[in-house]
Amino acid sequence: SVVDRFEEDCAVTYRRMFGEFGLYSGGKFIGVICDDQLFIKPTAGGRAHIGEVVEVPPYPGAEPSVLIGSQIEDGAWLSELVRITASEVR
């Protein structure tokens, strides 16, 4: 699963929400998994880490989030994105 790719210090957990999954790091909401796609909350640091960003709503009516494409396979890269995002969200 996607959650298994994150390094342990990211403390990523998930919760079922509206048929999809909300992702948390250290108790902070950082993203969602919808329709088997990973979406991360947009932050300045996250955008810088990603480079070429694609922001789309994960479901109709939602605020745009960063869609993670092929980088989803790179656990170290994903973990760094989670660390950055968690440090910037409230």
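First, a term I need: buried means under 20% relative accessible area, exposed means over 50%, and partly exposed lies in between (1.4 Å probe, protein chains only). This is a predicted model, in which local features need pLDDT of at least 70 and side-chain atom pairs count only at pLDDT 80 or more, while totals for chains, interfaces and linings use all residues. Residues are numbered from 1 along each chain as its sequence is written, and side-chain values use heavy atoms, with hydrogens and water left out.

**Entry: serine 79.** Is serine 79 buried or exposed? I found 0% relative accessibility, so serine 79 counts as buried. Serine 79 sits in helix H2, residues 75-88. Helices (H or I, at least four residues) and strands (E, at least two) are DSSP runs, numbered from the N terminus. I then looked up contacts, meaning heavy atoms within 4.5 Å. Leaving aside neighbours within four places in sequence, serine 79 touches Arg5, Phe6, Glu7 and Cys10.

**Entry: helix H2.** I checked the length against an expected span of 1.5 Å times one less than the number of residues. The 14 residues of H2 should span 20 Å, and the end C-alpha atoms are 20 Å apart, which agrees. The buried residues of H2 include Trp77, Leu78, Leu81 and Val82. Among the elements covering the buried residues of H2 are strand S1 (12-17), strand S2 (20-25) and helix H1 (44-50).

Entry: Two strands pair if DSSP finds at least two bridges between them. S5 and S6 are joined by two bridges, and glutamate 55 has valine 66 in S6 as its bridge partner.

**Entry: serine 25.** My last stop was serine 25, in strand S2. Serine 25 counts as buried because its relative accessibility is 8%. Its side chain reaches the backbone oxygen of cysteine 10 at 2.5 Å. Leaving aside neighbours within four places in sequence, the contacts of serine 25 include Cys10, Ile30, Val82 and Ala86.

Definitions and conventions:
Polar contact = N/O pair within 3.5 Å; in protein donor to acceptor, adjacent residues only side chain to side chain.
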